[in-house]
Amino acid sequence: MRGPQRHGPLSDGERPLELTSFVGRSAELAELAGALRRGRLVTVTGVGGVGKSRLAARFAPGWEGGHGRADLAPVRDPQFVEYAVMEALGLTDHTARTPREMLLEQLAGCRVLLVLDGFEHLVEAAAGLMADLLRRLPELRVLAVGRRPLGLAGERLLPLAPLGADEAVELFTDRAAEQGLQVSDTPQVRELCHRLEGIPLALELAAGRLRALSPAQLLRRLDDRFRLLTGGGRDVPPRHRTLRTAIGWSHELCTPAERLLWARLSVFARTFELEAAEYVCSGDGLPAEEVLDVLSSLLAQSLVAREETAAGPRYRMLDTVRAYGAHWLEATGDAARLRRRHRDWYLGLATLCELDWFSPRQSEVAARTEAELPNLRAALEFCLTEPDEAHLGQYLAGSLWFCWVGCGRLAEGRRWLERSLGLESGYARSRLKALWVLGHVAIVQGDAVPALAALRECRERAERAGDAAALAYAEHRTGCLALVTDDMAGAEALLRSALDRYRRIGELNSNVLLGQVELAMARAFQGDLPEAVRLCENVRRVCEDHGERWTRSYALYVLAYAAWRDGAPDRARELLADCLGNAHAFHDLLGSVLALELLALVTVDRGEAAEAAVLQGAAARLWPSVGLPLFGSAYYNAPHEQCETAARQALGDARYEECVRLGARLDRDAAVARALRHDGVRPLRALPAPRAAVRIRPGQREPAAPPTRKGGETAG
């Protein structure tokens, strides 16, 4: 018997010839080097086609002491894993010893890097071998490359994300150039790379289609990306020759429960919460209590990613992975049921968030609604395209009023509301809610005619239906319309009547308090500053008692206006700083721009004319995102004109215009930061402690507050 021999010595650091250029990943290469200095087993994980193998191939030649790469993808029998590793390290043996014994003998004392690739389908055998080798060979380092971890003690994970935007474009244009095609960095190319999510395999396959299709044509055909993205080279592994086989390889490795959850998770748009997955995806073969364990398995296989957001931990599937799951969901015939469960969850979420808006959790509601917008849009789309679901679409669009008005999404909210009201639902309460919310949105946008039409219809239908709550909201919003169209007497009469109606039915929420603020504004415009202050101080106390911050900021705006009129600019500036900080935190465009306009006037009164002009320029840039500047109202416009006149007199026309142009170059964040730079603004959480409240979550059997009494109008 001959002893063990090397028939292909370990690579000693010479980099193998690469047939295509390597793009980006400098940070990942540095992170990988650091991880292997700190630990002996590092596993690069990621979805199929993300570039794990290429990263390892780029890194390994730089390892001092030699390296070998074992590709286990072609291996089907676990017993041959050891032989594959032995061959990768250039070792052969004709004795009766086992491959493991030979590996332990030949690698003793060697500072070797073993790259273990494609082990997912043989994870138990591969993990057992690596555990033994690492335990008995202290100089050995293992760089594992797979779609899931080996699951060994001391294993360091390096999840590989898709390429960033610039690197994705560079890879796409580089692969096009290799075919003799000149492709520039254009908006269409960037959109194509964005739609392909920076997955290198998808980008390379798309570039391979450029001989027949332009980037614009590729974009139009991406809805069927698995049919489009084929044709990988003959020198690449079979599982990477098409996008479908790359993702399908992961699918084959999943258990039946994992495949089922993968398919069902495809109903979510972008990200989702664990609780949502447990409700929407459970049942019919997958108990709710098992969803977490199965989801954890999908996380381990890089098919789902976990991320931290302002709304808490959330989960995400790449669109390519989601699209593969959606194909299987359709094949099961269960897609319609899952989409309905998805809609039901988000209908409940919107209802509970509307109630929670009037609570200490207002900022949490804003963050959560922002995170869930893609799913809420999907739920709205389902309601408005499925037969007999229009009433739920009207209810959902109306329940999200706080998102449309309070969180800076006026234009989107109006589109959903108008679309839902274009359908006849046969459910009066749902339609009434959508009508008054549409009126509210249109008023804020300064669009009086559609607002009046919606509110008249709401009032007439509410009177016929005997719906006291909808009648109060219709009258309230009509009073607000009178306020911004300079009918102060009419505004006062309507707002007082609406507030009386609210009191009779026991309604108390952010909208009701906003009606009191609007009444205070009407009184202030008519010169009754003491009454305006009394009303807004009352609102302020109630808001702070309930932890309400959004309506409170509008009360502060009126108090600041009264302070300025009363000759107290420093007090006015303090109130406006608080108002602006809160409005900006909620992305409330109207509240922000109104505060900037009044802050400009206070600033010019303090002798800072140039800064006042800059603030006016910043406000002018924001108004188009809201609607008609200052509602076209003479009353609201008077402070603006007074500020402009004073600033022009102090600066001269040329300098004034220069400062306005400077302000117009500031985006919203920069404008607010500049306006507040000299003011200490309390963060949202530093407001006076509100009374205790219970967090509401979807699926709770009993809400924390009744739906229409002191909790929020939820007619629908």
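1. Strand 9 and strand 10 (residues 312-316) run antiparallel to each other and are joined over five bridges. Strands here are DSSP runs of E with at least two residues, and helices are runs of H or I with at least four, both numbered from the N terminus. Two strands count as paired if DSSP finds at least two bridges between them. Within this pair, Glu-308 sits opposite Pro-313 of strand 10.

2. A word on the source: this is a predicted model, where local features need pLDDT of at least 70, side-chain atom pairs count only at pLDDT 80 or more, and totals for chains, interfaces and linings use all residues. Residues are numbered from 1 along each chain as its sequence is written, and side-chain values use heavy atoms, leaving out hydrogens and water.

3. Now look at the whole antiparallel sheet: three strands make an open sheet, ordered 8-10-9. Its edges are strand 8 (271-272) and strand 9 (305-309), each pairing on one side only.

4. Next comes an open sheet of five strands with parallel pairing, in the order 3-5-6-2-7. Strand 3 (67-71) and strand 7 (156-159) are the edge strands. From one strand to the next, the twist averages 20°; axes are lines fitted to C-alpha atoms (for helices, over the stretch in contact), and angles run from 0 to 180 degrees between N-to-C directions.

5. Strand 3 pairs with strand 5 (residues 113-117) in parallel over five bridges. Here His-67 has Leu-113 as its bridge partner.

6. Which strands does helix 1 touch? Helix 1 (residues 26-38) touches strand 2 (41-45), strand 5, strand 6 (141-146) and strand 7, where contact means heavy atoms within 4.5 Å.
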